[in-house]
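Morning, everyone. Have a look at it first.

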Amino acid sequence: MSIRKVNSSARYHKLNNSDEDFVDSQFQSLPTTFPTKAVALAIFLFILGTILLVIGCMLLTGYIDVMYADRTWPVVTLGVLLFIPGFYHVRIAFYAWRGYKGFSYNDIPDFN
């Protein structure tokens, strides 16, 4: 069993010995940075999911001639699996960029 030392930039404050349940420092927000990699991945997932959904729907409706019909549903399924998280995170990034109340870049997971 090994113990790993973690470098942390967390600041600890001594609690007051009062009957209050809340401390002012717990309500201070951290400085936000733009998560470039996460937003780029979200845009990529959104675009690729949209393309796969459009192609899958065109295959299902017969607009594109299907040589192998068993490959249609996997294209639609993969398109849905890529579109949903991509759309969700692109929407959060857009609303945070526009400054809507309740949306922040902290809501998007960062890969740093």
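Start with residues 76-97: the chain there is 100% helix and 0% strand, with the end C-alpha atoms 31 Å apart. Helices here are DSSP runs, H or I, of at least four residues, and strands are E runs of at least two, numbered from the N terminus. A caution: this is a predicted model, where local features need pLDDT of at least 70, side-chain atom pairs count only at pLDDT 80 or more, and totals for chains, interfaces and linings use all residues. Residues are numbered from 1 along each chain as its sequence is written, and side-chain values use heavy atoms, leaving out hydrogens and water.

Residues 38-64 are 89% helix and 0% strand, and their end C-alpha atoms lie 34 Å apart. An unreviewed UniProt entry lists both spans, 38-64 and 76-97, under "transmembrane region". Such annotations may be inferred rather than shown by experiment.

Next, threonine 72. This residue lies in helix α2. Is threonine 72 buried or exposed? Buried, because its relative accessibility is 4%. The cut-offs: buried is under 20% relative accessible area, exposed over 50%, partly exposed in between, with a 1.4 Å probe and protein chains only. Leaving aside residues up to four places away in sequence, threonine 72 touches Gly56, Leu59, Leu60 and Val66. Contact means heavy atoms within 4.5 Å.

Phenylalanine 34 is partly exposed, at a relative accessible area of 44%. Tyrosine 105 counts as buried, at 16% relative accessibility.
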